[in-house]
Structure formats: structure tokens, C-alpha cells
Amino acid sequence: MKKTIVSIALGAAAMFAASAVSAQTLNNVKNKGQLTCGSNTGLAGFGAPDDKGVWKGLDVDVCRAIAAAIFNDATKVKFVPLSSKDRFTALQSGEVDVLVRNSTWTMSRDTSLGLNFTGVNYYDGQGFMVRKKLGVSSALELNGASVCTQQGTTTELNLADFFRANKLKYEVVAFATSDETIKAYDAGRCDAFTTDASGLYAERLKLTNPNDHIILPEIISKEPLGPVVRHGDDQWFDLVKWTLYAMVNAEELGVTQANLDQMLKSDNPEIKRLLGTEGKFGEMLGLSNDWVVRIVKQVGNYGESFERNVGESSPLKIKRGLNALWSKGGLQYAPPIR
Amino acid sequence: MTTEAADKGAPRVSPLYDPKVRGIAYQVVLALIILFVVYEATTNAIENLRAAKIASGFGFWSVEAGFDINQKLIPFSSTGGSTYGDAFLVGLLNTLLVAFIGIILATILGFVIGIARLSNNWIIAKLSMVYVEVIRNTPLLLQLLFWYNAVLKPLPDPRNSLSLFGAIFLNNRGVVMPSPVPGPNFDWTWIASLVAIAIWIGLSYFARKQQAATGKRFPANLIGFGLFIILPLIAYWAAGSPLSFEYPKQSRFNLTGGMQIYPEFVALLVGLTIYTAGFIAENVRAGILAVSKGQSEAAHALGLSNGQTLRLIVVPQAMRVIIPPLTSQYLNLTKNSSLAVAIGYPDLVQVFTGTVLNQTGQAVEVIAITMLVYLTISLTTSFFMNIYNSRMALVER
């Protein structure tokens, strides 16, 4: 139902509101007094409400960081849970200000949807999960298998590509939401379940007997996941992009929630520019110069957010891998603040 | 002069006050306003989509889709270069399939339950009542999820399929049956069936004429049915039994080969049939109760049996009351089939407004096409039901 409403909203917005979906997102957010953030319907570690109804996760932290930068209050975020097939329509129509919902950056999405990807907050790749008792040890052994997946995702397309490229047969069973997909897999409708590797670890926790399932070693695609904004508002695009970069730069420069006060007294010019004790970098974004101080104080740097939500101190226990800083063998690299 | 004017009837008035002219003028103005609004909305939408750099137009129709669909009536695969347009057809045919079979089954079940509710047998009447009340008063979505889980949960996995004669297999991936592979001369069997049907129709025409003329009854249906069975069998045998079967084989994960009926389809069909039958049963009951008691008393007085009374006297009159609400139940069933989204059956809404919309990002076009399709299906259904209704209606002389 949601989808129809969103689509109608888009239609109506496109028809009668002359240019409601263009610039001025920052002003609108300030006037509303809160950020509206498109989030997952529930993916542990990335975007899901906890037992008290507070949204937690790596994606959620990006939204909280934006709110902290704008309002000095990381709680001023309204999270709108979106299924994968509704998410872009919701952003296009202006129902959400920013979409941080483990969405893969692809060329067609960046060019034809009227949206812009602002960066990558998680480098992911697609994998498969199967039951241990099937005795499968590689995705290449899945010839003739039934595979459950979520519709309207890059996953659905990669799956077709993988089986086509390897000349294997399969049966796809596509569901609208991740919950329906994992339930059908759990009920035995499919031999394999496929989504981004991070999602496999998160979804496995929902199964009746998580230990009866293994994740196959193959990663069959590149899935750079990142925040998305509407095309045509460069100020907002910059703000979201640099919020993410600020978190990565903070980690690189060793600025953490714990040592923030000492760091404010640092003589290192890079840290001074980051924390706004030198230069007017915040004002260039339409914020005050201590914007990164607010982000780090309330949300933490990228590494802290990673550890807390998906890393070793979380139930998911995902290694940094590709998501380590560039200086530590990973891909996370932010342009300098200067 | 004045008398002549009076002879011509109504006095001449200015066209401004002529009710006829005024009426037409109002209609024209209204039509122009509607056209203007539609035109403005369309051009504005196109302009805004362009300004927001969102792709628009129907160019996506012939773009390769790149995904797969498991349940399809026409070939569709990412390997074969199927397009978004093909995906639309797959979804549409799946919707029509489930709606068509659903309507037939729901009508049969609905009539049985509706008549059973009026039965003199207390248990049957009460059971039907419970059925109707339970089914009509719970949400359809809940029932669909129930049936999907009821179909999926208790069945074994494909490695431990329940099998019937080693040919038909039942597991949580559905029912797998041997698929018939017609040989070169199999067409004769089809031709024989068509001939049998033609003879059957001819016989019943003759039987009706004879009964009207002489009152003698001729067992046209019995003979017609017999021919329908025997003629194709003879043709099949004479052509040298040109039919072989492809049997499903156990492979590592699934049974391969043969025909497969998927659990999503079964769950949706069962759910829609049972739900709609509850409403049709009430329509049927209302229709039968609307036929006055004197009609059946008169039929009994003429010596007709209970069955004959129902079939020849009560039901034909009840149909006049039943058909209009029956039409709207058919439309409901067709539209409700879009709830397939919840259980992963690839109907039009699931495939087209789900996957295609998301992969192309063209919400306005996709939603507009989908709405148009449902409108067309519904209008076509009511058109044929209206024809049927006017044939059944009371002919007044």
C-alpha cells in the first residue's frame, strides 16, 4: 500500500508543485526543525529500531551526524522505514530529505533517477547463504537451486548475471520486503538466500536456527552503499557528502568521542581545520564552524560508529576489511578539509 | 404576423435563455476545463520530471530487463534478452490466469455454499453459515498469509517429496507433475475433440426443438458427453498413441523436468477463491430467497422433483437478482489478486510496479499503465456480465 501512496504523492508533486523538489533542502530542514531520513525497514547493524524504539545502525549514524551538524542535536531525526522498492520514489517525491538505506551506487541510479549518491559509507558485495545440510561449499555448486531474494534491488540483477555468466540454472523467488524473503527462506521455500554480505550476517540472526546456515565464500558483485540525495540541490549534496567525509577524516586524525576536548587544544593544523578552531569551513556549508565537533561529540567518528554497530563489539562481528581506512589497507578515503 | 408566430409553437427567445443551448454550452465549457486540466497536469509533470533529471517516456519498454521471473506463461529470461515489456506481459498473464481460474472456482464454490445455507439439513446449513461468517469477517491479506504458510510449512523439502505413483511429487516448492509431450500426429486428437463438441451442440439444439414440438425428451447431454470422451480416444489410438510424458527427476536441489505448480500460485488461488466464494454464497442465498415461495410450490404441484425445481424454476429467476452483485464480486477478485505482492506471486503489481518500477525509476508511467490495465480488465468483465444480465433479464411483453 505504501508504495502506491508514495507513487501517487510523486505524481501529484510532479504535476502540481512547480519546483518543490529542487533547492532549499537545508532551509526546509531547518524550518521543520528535524531531518527526515529514509531508513531500512529493519536491518540489524545498519538501520533498525532497538528494543526501546531508538533507531540504531551504521546508516542511522550518518543521519544522526547530519542532524548533529545542523541542529546540534543528533536526536532531531525522523526515520521513515522504506522497503527497497519504495525507497527511491520516496526520495524523489520529497517524502524524505536524505536516503541512507544500504543503497548501492550504480550508474543508472545516479543518472536516470534524478538522484545523486554522495559517497560510500560501506563497501559491500553480494553473497549467498545456504543450509549446512545441503553440503554446498561454493556458489558455483548451486546449479538448479531455488534462490530467495528481495525484488527491486541490484541483488536481483546480479543474481541473474551470476547464473548467466556461469551457465547455471536456477529458480528465482522474489519478495517485496526483506522480512518476507528471509521468512520464506527459513520455511524452506528456497535452497539459498542472497543479498549483500553484510545483510547476510544481519539476516542470519533472524533465522530459527542461525547455526544451521553457512555463508558461502563467493562475493559476486561490487556493492558500494551510500547516502543519496535529490539531484539539483548542490548545497545539500555538499553538506551530506562532507558529513560523511568529516567522520572519516576524524578517524584518520584520531579524533574520538573520548579525546575530543584534548583535540580541541591540538596544534596540528589539520585537526584545527577539522574542528573549526582555524578557518571558516563550516560556514561554507551553511553551518557554524564547529560542525565537526558536534558530529564527533554526539555520534563519533566513522571507526567508532563501525565498531559500535557492525564491528567486533556488535552481534554482527564484521571485520573492517574493505572498510578500513586507506592508510590501513582499506578503501575508506576522504578528501582533505582545507 | 403575430398569429403566425404563435402557430409555430413556443415563442422565440434569445439563445441566451434557451435551455437547450445553455445545456450544450455548459457541457462544452466543462469538457474544455477538463481537457485543460489534463493537458496542464501532463505537460507540467513532463516538465518537472525533466527539470529533476528523472527519466521519462516509454523508452524503457524495449530495454533488456536483466532479471528473472520463476512463474511465467510465456518465455522470459535474462539470458534470452527479455525486455521490460515482456516482464509486463508475464505479470499481466499471471494476473489474468489467477483471476480467471479464481472466478470459475469461486462461482462454483459460492453457489454450492449459498444453496447449502438454505438446505433443510441442519448441520449443512449451519456449517455453511459458519463458513460465510468466518470468511467474510476476516481480512483477505491475513487469509492469504495463512494459506501461504499452510501450504509451505507442513510440506517436506524436495529431497523428501511425497510422491504419488512415482510420477506426481508434492513438496514445499509446489506440485511437480509429468508434462505431456505431444507427438507429430497428436493434432488429430484435438480435431476429434472439436468435432465431438460440434456434434454435442447440434444434438442439444435438436433436442430442445424436439422437446418444444413433441414434449419428448432426448438425452443429448449424455450422448454428447460420451462422444466427447470416445471420439478423441479413437483418434488417439488410430494415430498410434502419439503422446509421451516427461517425468520429473530428482536433482541435487529440486525436481527438474515436468510441470510445476508453485506454492505462491496455489496459496493465492485458494485464498481468493475461498474469500470471494463467501460473498458469492450470500448473493446466491439472497437471489434464491427473492423468488417467491409460490413458484416452488407450483413446481412441486406439477410433479417436478426438488432438483428439477431448483434447476428449472428457482435458479433461472434467482439469476436476475444474483448477476449484478456477482459482477462486482468478479471485479473484486481480480483487483484483490494484486495482494499477490505479499506472498511473492509474480502478478502484474508485483512484477511491474515492484521490480520494473524500481529498476527503471519511472513511477508515473508504470503506475499509470497499471491503473489503465486494471481499468480495462474490470470494464471488460462488466461489459460481458452486462450482456449476460440483459439476456437473463425479465422480458416484458
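The notes that follow describe a predicted model, beginning with chain A and then turning to chain B.

Chain A has 14 helices and 14 strands. Its assignment gives two stretches of interest, domain 1 (2–123 + 225–328) and domain 2 (126–221). Chain B is divided into domain 1 (2–51), domain 2 (84–178 + 247–392) and domain 3 (185–239).

**Overall form of chain A**

- The radius of gyration of chain A is 21 Å, which agrees with the value near 20 Å that a compact globule of 338 residues would have.
- Along the principal axes, the C-alpha atoms of chain A fill a box of roughly 60 × 50 × 40 Å.
- Of the 338 residues in chain A, 54% are buried.
- Among contacts in chain A with a separation of 6 or more, 72% join residues 24 or more positions apart.

**Domains of chain A**

- Domain 1 of chain A is written as two segments, 2–123 and 225–328, while domain 2 of chain A covers 126–221.
- The centres of domain 1 and domain 2 of chain A, taken over C-alpha atoms, are separated by 29 Å.
- The contact between these domains takes 16 residues from domain 1 of chain A and 14 residues from domain 2 of chain A.
- On the side of domain 1 of chain A that touches domain 2 of chain A, eight residues are nonpolar, seven are polar and one is charged.

**Domains of chain B**

- Domain 2 of chain B is assigned as 84–178 + 247–392, with domain 3 of chain B at 185–239.
- Between domain 1 of chain B and domain 3 of chain B, the C-alpha centres lie 60 Å apart.

**A sheet in chain B**

- Strands E1, E2, E3 and E8 of chain B form an open sheet in the order E1-E2-E3-E8, with antiparallel pairing.
- The edge strands of this sheet are E1 (162–164) and E8 (259–261) of chain B, each of which pairs on one side only.
- From one strand to the next, the twist averages 20 degrees.
- Strand E2 (residues 168–171) and strand E3 (residues 174–177) of chain B pair in the antiparallel sense over three bridges.
- Phe169(B) has Val176(B), in E3(B), as its bridge partner.
- In general, strands of a sheet pair through backbone hydrogen bonds, either parallel or antiparallel.

Conventions. Residues are numbered from 1 along each chain as its sequence is written. Chains are lettered from A and ligands numbered from 1 in the order in which they are written. This is a predicted model: local features need pLDDT of at least 70, side-chain atom pairs count only at pLDDT 80 or more; totals for chains, interfaces and linings use all residues. Helices (H or I, at least four residues) and strands (E, at least two) are DSSP runs, numbered from the N terminus. The radius of gyration is taken over C-alpha atoms; the globule rule is 2.2 Å times the number of residues to the power 0.38. A residue is buried if 20 or more other C-beta atoms lie within 10 Å of its own, exposed if 12 or fewer, and partly exposed in between; C-beta atoms are placed from the backbone. Two residues are in contact if their C-beta atoms, placed from the backbone, lie within 7 Å. Two strands pair if DSSP finds at least two bridges between them. Axes are lines fitted to C-alpha atoms, for helices over the stretch in contact, and angles run from 0 to 180 degrees between N-to-C directions. Domain bounds come from an automatic or database domain assignment. Ala, Val, Leu, Ile, Met, Phe, Trp, Tyr, Cys and Pro count as nonpolar, Asp, Glu, Lys and Arg as charged, and the others, Gly among them, as polar.
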